[in-house]
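Some words used for protein structures rest on a cut-off.

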Amino acid sequence: MPTSLRTLLADERFHLRLLAGENLAQLDAPIAWVHSSDFPDPTPWLEEGQLLLTDGDQMRPGTADADIDAYVARLCDRGILGLGFATSIIHDDVPPALVRACETRGIPLFEVADRTPFIAIIRAVADVIALDERERLEWSLDAQRSIALAALRPDGLEAILAELERRLGCWVVLFDSLGDEVRSSPERSMPASLHDAVQDAVGQVLANGSRAGARLSAADGSVVLQTLGSGGSLRGVLALGTLAPLDGAGADLVTSVIALASIALEQSRALEGARRDLRSGLFELLLEGNVEGAQRTARRLWGDLPAEPLTVTVAAAADVPESLLTELELVSERRRGTVFFAERDDELVLVASAVGTLPPQFDRLAIRSGTSAPVAWTELARGLAEARRALSVTTAERPTAAFGELAGSGVLGVLARAGAQDVAARVLEPLTASGRSDVDVLLASAAAWLDANGAWDPAAKALGVHRHTLRARLAIVQQLLGLDLDRFADRAELWAALTFAEQRGPVL
């Protein structure tokens with residue numbers, strides 16, 4: 001470790017005597033470097049954690065106490081660990097004002113007696129720093145070799161994380177792309193006080209979707225978070241906790257582990273791709289009605305297929321990022337027997353037990369999807385058709401739809417969600433855009449006549465006009481719209497147009 005001022009004071013070679021700051025923590029702090037200067041303000045050339053040596057030329061007899069105090073104040077503000085004052089060169093003794101100022105400001109002051117060369121002190125500190133750096137380099141190289149050898153083991157990912165814990169004396173937790181904890185060490189576990197904060201931070205970096213790192217500081221230590229995998233397809237997050245921040249060698253080791261862990265996770269992509277191809281093949285068997293054959297194959301790989309009744313959910317493959325497919329793989333692994341998914345042409349199809357719910361990833365990513373009513377495996381084709389029907393009525397504002405909701409609102413509900421309002425406006429456009437001043441009267445008359453099932457007298461009475469007047473109005477309507485209201489089909493066309501136009505906004 002780098003040397004400290006207390007260590008220098010104990011070294012008899014340098015003839016040092018402490019004059020102020022006997023109980024200060026700076027005495028045991030590591031010295032970053034030793035600098036010598038007689039400038040009245042040497043702080044532009046100093047950095048925090050350094051030691052300053054001076055022979056006091058800037059404090060010749062007659063220097064005001066206020067100037068000396070200001071000098072010490074500047075050193076304190078700069079974060080200097082201590083001030084060494086040489087005697088028997090310019091000053092026989094250390095100025096009392098300097099001793100008082102250092103006591104007041106809280107900076108160690110020591111006398112450098114017997115003409116001890118400043119360079120001797122500087123060289124001693126430099127030698128310790130160089131030795132420390134060499135030892136850390138050797139430690140780093142040895143640790144890197146150990147990590148590389150661990151990566152060659154059959155359980156490579158687990159081995160390199162265990163080696164990282166051993167080398168740094170830290171705890172390591174691995175989170176998957178869902179934010180769930182998948183690996184931790186029983187010997188070095190994450191402090192319970194940090195769990196919520198780490199979990200929140202993991203969720204934030206995963207939600208961001210790009211490669212990123214984060215750092216948390218707490219009473220229980222420092223936590224480093226780093227994503228694994230490529231941007232847009234994160235494989236997880238590595239969380240590492242130490243009692244003190246990592247130095248350069250420790251940070252380099254963590255970087256190597258992250259690289260190796262990312263490689264190990266990326267190597268599983270080929271296997272995932274093969275599994276997804278197999279899922280697609282099983283789905284085709286299920287569509288053809290070969291449920292037993294598909295069940296036997298699925299049981300060997302993933303466990304039982306979801307139990308009936310089932311819901312089928314369809315999303316456009318173009319809307320589904322690679323990261324969601326990875327997350328679905330994890331969900332199907334952990335919720336065996338409740339979720340099955342497959343890619344088919346330009347669609348992602350998700351089959352789940354009806355008692356389950358759509359995975360939260362769909363909501364988080366705002367994936368447009370449609371879900372069928374409950375079906376059996378033998379009715380999979382019908383469920384797929386219903387899910388596609390529900391998907392067709394989704395919008396950016398309403399990204400999910402269920403066929404049960406459409407069926408519950410009847411045929412009109414399905415037509416409304418399919419954009420019937422726009423068609424209705426186009427059907428009525430020859431009348432509404434005719435420029436006639438009585439457009440509202442004509443529309444109201446047509447609606448009243450249809451509400452009366454085509455009976456003239458009740459409709460005329462409801463409108464407060466003679467039936468001949470009503471007949472004349474309807475004649476204009478059918479002429480402008482090109483309809484024959486003696487035909488049921490044309491009456492239904494007018495009724496639907498008026499109905500959906502009212503859903504679009506009042507036109508009567």
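Predicted model: local features only at pLDDT ≥ 70, side-chain atom pairs only at ≥ 80, totals over all residues.

Q: What does the secondary structure of the protein come to?
A: The protein has 19 helices and 15 strands. Of its 508 residues, 44% are buried. Among contacts with a separation of 6 or more, 63% join residues 24 or more positions apart.

Q: How many disulfides does the structure hold, and how do you know that Cys-102 is in none?
A: The structure holds 0 disulfides. The cysteine sulfur nearest to that of Cys-102 belongs to Cys-76 and is 7.1 Å away. A disulfide needs two cysteine sulfur atoms within 2.5 Å, so Cys-102 is in no disulfide.

Q: Why is Cys-102 called buried?
A: Its relative accessibility is 1%. Buried means under 20%, so Cys-102 counts as buried. Cys-170, at 2% relative accessibility, is also buried because of that cut-off.

Q: How do you know that the span of helix 2 agrees with its number of residues?
A: Helix 2 covers residues 65-78, which is 14 residues. The expected span is 1.5 Å times one less than the number of residues, and for helix 2 this comes to 20 Å. The end C-alpha atoms of helix 2 are 20 Å apart, so the two values agree.

Q: Which residues of helix 2 are buried, and what covers them?
A: The buried residues in helix 2 are Ile-68, Tyr-71, Val-72, Ala-73 and Leu-75. Their cover includes strand 3 (50-54), strand 4 (82-86) and helix 3 (96-105). After helix 2 comes Gly-79, with a positive phi near 85 degrees.

Q: Why does Gln-50 count as buried?
A: Gln-50, in strand 3, has 8% relative accessibility. This is under 20%, so Gln-50 counts as buried. Leaving out residues up to four places away in sequence, Gln-50 touches Trp-33, His-35, Trp-45, Ile-80, Leu-81 and Gly-82. Gln-50 and Leu-83 are 33 residues apart along the chain, and their C-alpha atoms are separated by 9.5 Å.

Q: What makes Arg-436 partly exposed?
A: The relative accessibility of Arg-436 is 34%. Arg-436 is found in the loop between helix 15 (420-432) and helix 16. Beyond residues up to four places away in sequence, Arg-436 touches Leu-442, Ile-476 and Leu-480.

Q: Why are helix 16 and helix 17 called oblique to each other?
A: Helix 16 (residues 439-451) and helix 17 (residues 456-463) pack at about 135 degrees, with axes 8 Å apart. Roughly perpendicular runs from 65 to 115 degrees and roughly antiparallel starts over 145, so the angle of this pair is oblique. The contact is made by Ala-444, Ser-445, Ala-448 and Trp-449 of helix 16 with Trp-456, Ala-459 and Leu-463 of helix 17. The crossing of helix 16 past helix 17 is right-handed.

Q: What makes helix 16 roughly perpendicular to helix 18?
A: Helix 16 and helix 18 (residues 467-481) pack at an angle of about 105 degrees, and their axes are 9 Å apart. Angles of 65 to 115 degrees count as roughly perpendicular, so helix 16 is roughly perpendicular to helix 18. On helix 16 the contact is made by Val-441, Leu-442, Ser-445, Ala-446 and Trp-449. On helix 18 it is made by Leu-470, Arg-473, Leu-474, Ile-476 and Val-477.

Terms used. Residues numbered from 1 in each chain as written. Heavy atoms only, no water. Buried < 20%, exposed > 50% of the residue type's maximum accessible area, 1.4 Å probe, protein only. Helix = DSSP H or I, 4+ residues; strand = E, 2+ residues; numbered from the N terminus. Contact = heavy atoms within 4.5 Å. Axes fitted to C-alpha atoms, helices over the stretch in contact; angles between N-to-C directions. Parallel < 35°, antiparallel > 145°, perpendicular 65-115°, else oblique. Left-handed = near helix turned anticlockwise from the far one by under 90°.
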